[in-house]
Amino acid sequence: MIGSSHASSRRWKRLLLTVVAIMALTMVVAACGGDDDSTATTSSGTSSTATTATSSESTATEAENEATTEATEEPAATTAAASPTAASSESSPAADWEPRNVSADLTGSGASFPDPIYQAWIEQYKSVAPDTTINYQSVGSGQGKKDFAGNVTDFGGTDAYMTDEEMTASPDALHIPTVLGAVTVVYNLETDQPLQFSGETLAAIFLGTVTTWNDPVIAADNPGVNLPDTPITVVHRSDGSGTTSIFTDYLSKVSTEWADQVGSGTAVEWPVGIGGEKNPGVAAGVQQTPGAIGYVELIYALANDLPAPAIKNAQGNYVEPSIESTSAAAAGALADLPDDLRVSITDPQDGANAYPIAGFTWILVHSEMTDQTKAEALTDFLYWALTTGEAQAAELHYAPLPDEVRDLAIDKLTQVTVNGAAVFEAP
Amino acid sequence: MQHADAVSGWERLRRRTRHGDLLFWLIALSFAVLVVGLLVAIIAVTWDGSAAARHEFGFGFLTSSTWNPVKNQYGALPAIYGTVMSSAIALLIAGPIGVMIGVFLAEVSPSRLRMPLSFLVELLAAIPSVVYGMWGVFVFIPFFRTWIATPISERFGDAIPLLAGPVTVGRGMLVAGIILAIMIVPTIAAVSRDVLSVVPTHQREALIALGATRWEVIRHATIPYARAGIIGGMMLGLGRALGETMAATMVIGNTPRIEGSLFAPATTAASLVASQLPNAGSEMHSSALILVALVLFCITLVANSIARLLVWKVQRGSGGKA
């Protein structure tokens with residue numbers, strides 16, 4: 001008996017030692033690996049967050065961190081910041097406007113693309129209206145629309161505007177654009193000059209009709225560039241996403257062949273290529289494969305310093321994707337802007353500097369609300385977001401709305417009613 | 001009469017469950033019922049959610065290989081093929097390795113190595129699948145693509161369609177199978193070790209008495225005795241491989257097409273549902289995805305039932321100690 005208990009206690013000690021040894025080993029490995037990761041993906045990751053930096057939500061986390069630090073460090077500098085919209089902030093009627101500090105709980109769900117900036121806005125809005133609590137969950141545009149239509153949430157977020165069918169189900173839905181997103185093409189090819197593409201070329205590549213990089217179609221877009229005969233590998237998103245929606249919508253507009261054979265949507269039947277999970281999955285696939293081409297969100301490309309080729313717009317100019325050229329796309333599509341703001345702005349017909357693969361992201365609000373305090377809180381928050389919040393969009397790599405569109409969005413807020421009475425008046 | 005019956009029935013229950021046992025009995029019963037209720041609820045939800053797709057496509061859903069969310073045409077065959085094939089590859093690789101580890105731990109290993117090794121093997125099972133997926137994407141696939149897949153497909157690709165190129169990104173069926181294999185090795189090893197260590201000593205001693213070597217003892221006494229349990233462990237591993245979502249999604253290439261080559265991208269039922277459901281474009285799209293989930297549920301149900309049967313068999317075979 002004594003012998004066996006002695007033996008078992010020795011066994012426990014040994015187990016404990018093993019556990020400690022393994023934990024130490026794991027930490028060492030994690031530390032080494034972590035350093036590699038942070039340098040490989042982005043310079044802004046600190047060593048403690050290095051492991052999350054490679055996860056699929058890397059951009060989200062970083063952008064959010066950035067946002068919160070900026071929000072806490074310089075709360076007063078917000079209106080002066082962000083050069084692209086500085087002009088609009090000056091003319092902004094928000095200067096002496098204060099949101100009503102209503103005690104309300106607002107919940108929203110939807111698109112993951114604008115999640116970092118929404119979280120930053122929500123965090124900052126706490127200091128403006130401390131009694132209003134807002135909760136936004138990024139569950140995807142499709143689920144966001146469902147939650148909104150089923151009255152599970154007070155507002156929805158979506159990268160794809162509601163279809164006519166969905167509008168019949170919830171006819172009082174208002175589409176309020178918040179920021180713009182753009183999709184950039186990424187490729188992995190050693191050339192003496194950076195490449196540029198026209199829409200027709202991209203369609204041919206993603207249809208699989210152009211299979212090598214020295215194809216005359218690509219050469220026509222890139223005069224004077226020495227193109228190797230490397231085979232092309234297409235990498236696309238495998239998850240349903242607004243990024244795919246914008247990209248395929250663009251290809252459908254510039255290529256009838258694409259529109260007939262594939263079409264557009266959050267997920268499509270890709271004729272060729274391989275699927276990657278989210279932006280990091282696509283980016284990793286492209287970076288690891290010579291001759292690969294794919295598409296990612298502009299935000300992701302900017303945050304990870306991926307080269308972003310210029311795309312030919314409807315005016316015939318090759319425009320590099322940037323925050324300014326994305327905003328220019330919205331301005332270029334003004335002529336086609338319908339009253340309800342449900343519009344795709346890919347391939348805008350006007351705007352010499354418009355980047356053609358861009359789109360709005362919207363917040364969905366009911367025009368007939370039942371709860372007065374919620375309605376007041378929501379409209380005030382959105383007005384604040386469209387004015388003060390919008391001024392910081394560029395810092396988080398989001399393209400802000402052009403002034404004309406922002407005014408139309410604010411106009412939508414005045415249409416929100418409770419029992420027939422408007423709850424918000426633009427100052 | 002009826003009243004008296006009821007009282008005596010109540011009395012009987014009370015007698016049987018005296019001293020606070022009744023409370024415990026009720027709590028335990030409610031949890032047991034909860035599990036059954038949960039299962040029923042899951043089946044009901046998937047059945048109900050997939051109604052539109054079931055009516056639209058019927059049994060043709062299982063044999064069609066179109067997956068076109070734009071035209072709302074769906075078929076589950078690529079997902080079924082991908083799920084079964086990647087799990088089969090995983091089992092083919094992990095089965096022998098897992099059993100070898102089990103044999104080593106139970107029979108051959110010096111006792112001072114046994115504990116740390118068992119612990120390490122079980123630690124493998126505790127690693128989250130997203131970590132396996134990341135390791136696959138950033139470490140294993142670049143290595144596999146350059147040093148294994150490309151040379152193999154160049155040399156044998158023309159002769160053997162299963163190994164045909166192009167390898168391109170490297171993500172595909174075989175990589176998914178290998179990653180899944182790594183993930184299920186611990187399950188198979190742990191179960192094998194357990195069933196091998198309960199093989200009665202006299203079985204081994206009898207063979208040793210006949211002058212058998214250690215290998216012959218393992219080959220002719222222990223493994224045959226524990227065979228059913230080992231197969232049960234493999235089926236448990238298979239169950240995990242069939243339902244694995246994250247790691248498979250990250251490394252398989254997510255292409256709902258059936259291609260002959262093992263180096264070509266494919267998809268699995270779990271990864272298809274996980275990646276497309278949150279942003280499903282239409283009602284029919286989400287309905288079809290839920291139907292894929294239901295199909296996957298049936299596949300895993302069959303695999304788990306077989307595992308259960310085999311575990312029962314080994315319990316009988318080794319005196320209820322497995």
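Predicted model: local features only at pLDDT ≥ 70, side-chain atom pairs only at ≥ 80, totals over all residues.
Biologist: Start with helix α15 of chain A. How many residues does it have, and what span does it reach?

Modeller: First the general idea. An α-helix has 3.6 residues a turn, so residues three or four places apart point the same way. Now the case here. Helix α15 of chain A covers residues 372-387, which is 16 residues. From first C-alpha to last it reaches 23 Å, close to the 22 Å expected at 1.5 Å a residue.

Biologist: How many residues of α15(A) are buried?

Modeller: The count is 13 of the 16, so α15(A) is largely enclosed by the rest of the structure.

Biologist: Next, the second largest pocket. What is its volume, and which residues lie nearest its centre?

Modeller: Rolling a probe the size of a water molecule over the atoms shows where empty space is left. The second largest pocket has a volume of about 950 Å³. Its lining counts 38 residues, and A:K145, A:Y161, A:T163, A:E166 and B:G281 lie nearest the centre. Elements giving two or more lining residues include α7 and α10 of chain A, and α13 of chain B. The most comes from α6(A), with 5 residues. By class, the lining has 15 nonpolar, 16 polar and 7 charged residues.

Biologist: Which residue other than glycine has a phi near 60 degrees, and where is it placed?

Modeller: That is A:L341, with a positive phi. A:L341 sits in the loop between α14 and β11 of chain A. A:L341 is buried, at 3% relative accessible area.

Biologist: And B:N254: buried or exposed?

Modeller: B:N254 is buried, at 6% relative accessibility. Its phi is positive, about 45 degrees, though B:N254 is not a glycine. B:N254 lies in the loop between α11 and α12 of chain B.

Definitions and conventions: Residues numbered from 1 in each chain as written. Chains lettered and ligands numbered in written order. Heavy atoms only, no water. Helix = DSSP H or I, 4+ residues; strand = E, 2+ residues; numbered from the N terminus. Buried < 20%, exposed > 50% of the residue type's maximum accessible area, 1.4 Å probe, protein only. Expected span 1.5 Å × (residues − 1). 1 Å grid on protein atoms, 1.4 Å probe; cavity = no way out; pocket = protein on both sides within 12 Å on 5 of 7 lines; lining within 4 Å. Points joined across faces, edges and corners; volume = space filled by probe spheres on them. Nonpolar A, V, L, I, M, F, W, Y, C, P; charged D, E, K, R; others polar.
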